[in-house]
Amino acid sequence: MQGTIWTLIPPIVAIALALLTKEVYLSLLIGIVSGCFLYTGFHPIDASMTLFDIMGSKMGGNINILLFLTLLGILVAMITKSGASKAYGISISKVIKSKRGALFATMCLGVLIFVDDYFNCLTVGMVMRPVTDRYKISRAKLAYIIDATAAPVCIIAPISSWAAAVGSSLPEGSSLDGFSLFIRTIPFNLYAILTLIFLIFIIIWDTDFGPMKKFEKRSKLEEQVEEGFEEEDLMPMMNGKGKVHDLVFPILILILLCVSCMLYTGGILEGASVVDAFANCNSSLSLVLGSFFTLIITFLLYLVERVLSFKDLCDCFTKGAKAMVPAVMILSLAWTLSGICSESYLDIGGYVGSVVGTSKLIGAMLPCILFVVALLLSFATGTSWGTFGILIPIAIAILGIGNENILAIGVAAILAGAVCGDHISPISDTTILASTGAQCNHIDHVSTQIPYALSVAVCCFIGYFMSGITKNGWIGLLVGIVCLFITFGIIIQTSKKNRIDEA
């Protein structure tokens with residue numbers, strides 16, 4: 001079965017079941033089991049032993065990533081409960097003088113809270129909703145800005161739960177560090193970059209189209225109506241006495257300590273240069289150390305300032321760890337699927353690599369194919385984490401690690417497609433949280449966001465097509481930006497024409 005067409009069964013089973021059932025955990029598990037049965041010749045005992053051997057090895061080898069996610073979850077729970085986000089909203093409302101200012105303030109807060117997308121969605125919505133209401137900004141527009149600065153920012157932020165998940169997807173023993181791979185994907189993650197550019201354009205030119213335009217017109221004439229939402233349903237009660245610095249300080253400390261720990265584990269104190277230290281660092285251990293010390297500092301800071309009581313701070317440990325359980329489950333299963341498909345077992349890369357190598361057209365089209373497949377899978381399942389958990393190991397098996405540039409483009413295409421599909425999926429957790437945080441009707445948020453997301457997606461597809469043809473991600477990025485500006489021109493001209501017709 002090794003290195004043959006049968007090796008395609010595990011990922012195909014996982015993808016097909018995910019599309020049909022919308023259940024990522026069960027789909028991944030069944031895909032893994034099918035691979036173990038193929039490898040052991042359908043021997044149930046041996047298949048079970050193989051499954052748990054791989055899972056134990058993968059989880060043990062990636063224990064630092066799991067620890068980082070848990071520590072990050074606890075830190076996010078503390079910041080959430082502190083009330084610092086509410087203080088930011090009160091402070092920023094004093095300096096905002098226009099609708100454009102309110103929109104930019106919302107975007108800036110979304111960019112600032114890059115460590116976790118869940119925390120981002122609920123915090124930004126809760127903090128900025130009163131401000132955007134004051135300037136007659138529709139809840140649908142607020143929900144879009146929240147969604148557009150949640151996952152797209154997290155997926156290009158080196159210090160985040162997303163970076164840890166992506167960086168841990170590389171097979172063990174590879175010469176390329178997972179964190180280095182993630183860093184390489186950042187400039188080629190077209191959907192994240194183009195979405196942020198698109199958002200700036202929408203805010204500066206105050207231009208909307210599709211269903212969003214109707215909601216914006218209506219919001220200027222009507223008061224915002226909260227449709228059955230309760231404040232306590234949105235997020236844990238913000239019962240702390242936090243100030244603005246209690247939001248900004250922990251995030252800055254997290255970044256500073258994680259970077260410092262990377263330099264330390266890379267040998268900066270032993271004479272290594274900064275570049276060499278980053279290249280040779282133990283990224284997963286550095287993230288654990290940085291988040292651990294940040295957690296201690298934040299705990300003591302909040303305790304000394306009496307931002308939260310000792311009991312409230314202790315409650316955040318269980319709540320924060322619990323919030324990361326779904327992420328830990330997806331990663332554990334994705335690592336196991338990667339293991340059974342690896343060269344040591346079914347060797348899917350050996351088979352697919354031989355097929356792709358015989359066709360230059362398939363190789364050239366691979367980035368845009370990966371983008372579309374990730375988009376569709378994420379849309380159907382509602383999870384970007386589950387999507388790149390399934391597809392990144394496959395991409396690594398197909399592309400190999402010999403050409404780091406091509407691998408970075410392929411993985412970036414998967415990440416971009418996963419985030420795009422997550423954006424337009426009505427069952428996506430971040431889409432639901434964005435509409436909840438903005439107190440916007442969920443279907444209204446989905447219907448108004450889809451035209452915006454798909455406009456950017458088309459530009460991304462063209463960019464990845466050019467990346468595959470030229471084997472140069474920078475050319476793909478340039479082409480994607482050019483396509484986006486052409487899209488801007490079409491939107492502006494259409495908007496002007498509509499205004500003339502209405503007049």
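Here are some notes on the model, point by point.

1. Ground rules. This is a predicted model, so to speak of local features a pLDDT of at least 70 is needed, side-chain atom pairs count only at pLDDT 80 or more, and totals for chains, interfaces and linings use all residues. Residues are numbered from 1 along each chain as its sequence is written, and side-chain values use heavy atoms, with hydrogens and water left out.

2. Overall make-up. The protein has 26 helices and 0 strands. Helices (H or I, at least four residues) and strands (E, at least two) are DSSP runs, numbered from the N terminus. Of the 503 residues, 55% count as buried; buried means under 20% relative accessible area, exposed over 50%, and partly exposed in between, with a 1.4 Å probe and protein chains only.

3. Surface and contacts. The accessible surface comes to about 20,300 Å², and 68% of that belongs to carbon and sulfur atoms. Areas come from the Shrake-Rupley method with a 1.4 Å probe, and for residues only the protein chains shown count as cover. Take contacts between residues at least 6 apart in sequence: 80% of them join residues at least 24 apart. Contact here means heavy atoms within 4.5 Å.

4. The core. The largest nonpolar core has 150 residues, and those with the most contacts inside it are M128, F198, W385, F388 and Y464. Helix 23 (residues 404-424) gives the most to this core, with 13 residues. A nonpolar core is a set of buried Ala, Val, Leu, Ile, Met, Phe, Trp, Tyr and Cys residues joined through side-chain atoms within 4.5 Å.

5. Helix 8. This helix (residues 139-148) is mostly covered, with 10 of its 10 residues buried.

6. T294. You'll find T294 in helix 17 (residues 283-304). T294 is buried, because its relative accessible area is 0%. Apart from neighbours within four places in sequence, T294 is in contact with L75, P250, I253, L254 and L257.

7. A nonpolar patch outside. V372, L376, V458, F461, I462, F465 and I469 form a nonpolar patch on the surface, with about 550 Å² of accessible area together. Patches are made of residues with over 30% relative accessible area and no salt bridge, where like charges are joined within 9 Å and nonpolar side chains (Val, Leu, Ile, Met, Phe, Trp, Tyr) within 5 Å. A salt bridge is a side-chain nitrogen of Lys or Arg within 4 Å of a carboxyl oxygen of Asp or Glu. Helix 21 (360-381) and helix 25 (442-470) each supply at least two patch residues, and helix 25 gives the most, with 5. V372 sits in helix 21 and counts as partly exposed, because its relative accessibility is 32%.

8. Cysteines. How many disulfides does a search of the whole structure find? It finds 0, a disulfide being a pair of cysteine sulfur atoms within 2.5 Å. The sulfur of C314 is 8.9 Å from the closest cysteine sulfur, in C316, so that is too far for a bond. For C483 the closest cysteine sulfur is in C459, at 5.3 Å, again too far for a bond. C483 counts as buried at 15% relative accessibility, whereas C314 is partly exposed at 31%.
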